[in-house]
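Dear colleague,

Please find below the structure that I am handing over to you. I would be grateful if you would look through it before reading the notes that come after it.

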Amino acid sequence: MTHSLNYGRRQFLQYSAFGAAAALFPELLQANPKSARSSPTPGFKPDVEIEFSAREVFVPILNNGSKTKVQKYFAKLLKGPENTVQSFEDNYLGPTLSFAKGQKVRIYFNNNLFEPSIMHWHGLHVPQKSDGHPMYSIEPGERFVYEYEVMNNAGTSFYHSHAHQLTASQVYFGLAGLLKVTDEEEKALGLPTGEYDLPLVIQDKRFNSNSQLQYVHGMHDRMMGFLGDTILVNGKPNAEFSVKSRAYRFRALNGSSSRIYKLGWDDGTPLTAIGTDVSLLEKPETKPYIMLAPGDRIDLWLDFSGRSVGSKLVMYSLPYSGVMPPMFERMHRGRGRQGGMGMMGGMDMMTSDLAPGDKFPIAIFNVTEKVSDSPKLPVQLARRQRLTEKDVDNADSPLPIAITERHMRPLVNGRPFSLDEVMEIEKVKLGSIKKIKIFHPHEEHPQHEMSSQTNKNDNMEGMNHGGMGGGMGMGMMDDMGGGMGMMMAMAHPIHLHGQQFQVLSRKEGHVNKEDYETVRHGFVDSGLKDTVLVMPGEEVEIIKPFQDFKGLFLYHCHNLEHEDLGMMRNFYVH
């Protein structure tokens, strides 16, 4: 399962880049990944200590008696409440972690793989050194020490690999696990707990005839994002849940590389959400279906009260369209249903049997026991102070996140990922609250659109790959539009590290109205989020605080193949 990269060269480049970045950003000198990364901090007194490791093992996944080679997280609780770590045997998913707001956590991560790795605490608001930035990737046999206080309110997060150019493959082969945070406000609500609080981790995989995982096949899988033909829930195929006639809390996580799910019941019953990515909602929201993009979480209130014993409900991913460029979507549907391969312009076009937007079952829920007691859905959940444009310091000049796929290169703001490169628009003052606009530059006026942004942000400068300085220039403008433009646009789940954000607005802009109608009622945007799905032609405005911690914090597409291809940048908080 080792990957064909020159790791000596990769390591040299990683630390050379870090040296350059540290010279540019003095705060990084205190967090050099070659110093003090394997030793606890004197004076930090943890409430929870966990010994983590990652290694290759064989586990049963398919129900055919075989075992599949995976990469798996293991954890041993050294200090803390007994329920902190819930491990799973015969499963590739990492242990579920349960933290409480205010706890101080120390985690020792030992890399027992045959390739570099690092862990990212997706959704947690933690210091740069503990965020799992790929510059901290450690080599086989090395150890990394994380230390942070849990600052999040109650909600559902997860952890996964964030290794440099290996994130997609390592997450696909198993390096991920669920993370729950609770607080006193949540405890007072009387929400379902214990056996009635369950994970719903949804992933798609491909297996060969020997029951071994198959990953990317050709450039098409990288550019469009990997799609599997087998749906797994909580690490197993053909998922079924035996439930009682009462209410449950299911914590749904889209752990897939690129597949977007449109969750809904087969009988048309609406879904009720009580939480988004990292936090409970202020009030429950009922939707006809819910869109769940890679990296997204949604806490579902599934109530089986009144249903007879022996009845069942099937949760599907319902049909939708418009998340891929039109020609690729047509090709995926045509060739995927034939289970075949094809060629286009010399590019390998192997496709999945499950095309984007196809209808397929996720899990079956069988009512097996009648009970009389069930918690009531609270009218009020979390109490939050919602940010508005009055709270930001750049209401008239939002920071741009322009997402493009021109020339088969997924880019952000016209630039690929580079550790020693930060544009002026990516430098943010500590304590500030920013308005950010995420959009696809329109094919007809790409240069005008970005020129407008440049005028609004009069310090908006690009940087050459070799270092700081230089204007954005026409080269970047050319990279961000024209030619294929919106023809190649696809949906992107944009994840921002650090503090959670709020969605301010969605503007349909240049969306295909017919396609957009298949997804528009499934967005749950009222809560705190760290990942937002942006459809082709859509413009999404968010409000994000940059508080508490200085340093480099990533923002990127959570289509993991796109991330590894460079659709990722840094905010420098100073």
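This is a predicted model: local features need pLDDT of at least 70, side-chain atom pairs count only at pLDDT 80 or more; totals for chains, interfaces and linings use all residues.

Strands of a sheet pair through backbone hydrogen bonds, either parallel or antiparallel. Four strands here form an open sheet with mixed pairing, in the order β2-β1-β5-β7. Its edge strands, β2 (68-79) and β7 (143-149), each pair on one side only. From one strand to the next, the twist averages 20°. Within this sheet, β5 (residues 104-111) pairs with β7 in the antiparallel sense over seven bridges, and asparagine 110 stands opposite arginine 143 of β7.

Elsewhere, strand β29 (residues 492-496) is paired with β31, again antiparallel, over four bridges. Both faces of β31 (residues 531-534) are covered: Thr531 and Leu533 are buried on one side, as are Val532 and Val534 on the other.

The model contains 31 salt bridges. One of them joins the side chains of arginine 206 and aspartate 221 (3.1 Å, N to O). Arginine 206 belongs to strand β10 and aspartate 221 to helix α4, so this pair ties together parts that are 15 residues apart in sequence. Arginine 206 counts as buried, at 8% relative accessibility, and aspartate 221 is buried at 2%.

A further salt bridge links lysine 507 and glutamate 539, with 3.8 Å between the closest N and O atoms. Lysine 507 lies in strand β30 and glutamate 539 in strand β32, so the pair connects parts 32 residues apart in sequence. Both residues belong to a network of salt bridges that also includes Glu389, Lys435, Lys437 and Glu541.

Yours sincerely

Key
Residues are numbered from 1 along each chain as its sequence is written. Side-chain values use heavy atoms; hydrogens and water are left out. Buried means under 20% relative accessible area, exposed over 50%, partly exposed in between (1.4 Å probe, protein chains only). Helices (H or I, at least four residues) and strands (E, at least two) are DSSP runs, numbered from the N terminus. Two strands pair if DSSP finds at least two bridges between them. Axes are lines fitted to C-alpha atoms, for helices over the stretch in contact, and angles run from 0 to 180 degrees between N-to-C directions. A salt bridge is a side-chain nitrogen of Lys or Arg within 4 Å of a carboxyl oxygen of Asp or Glu.
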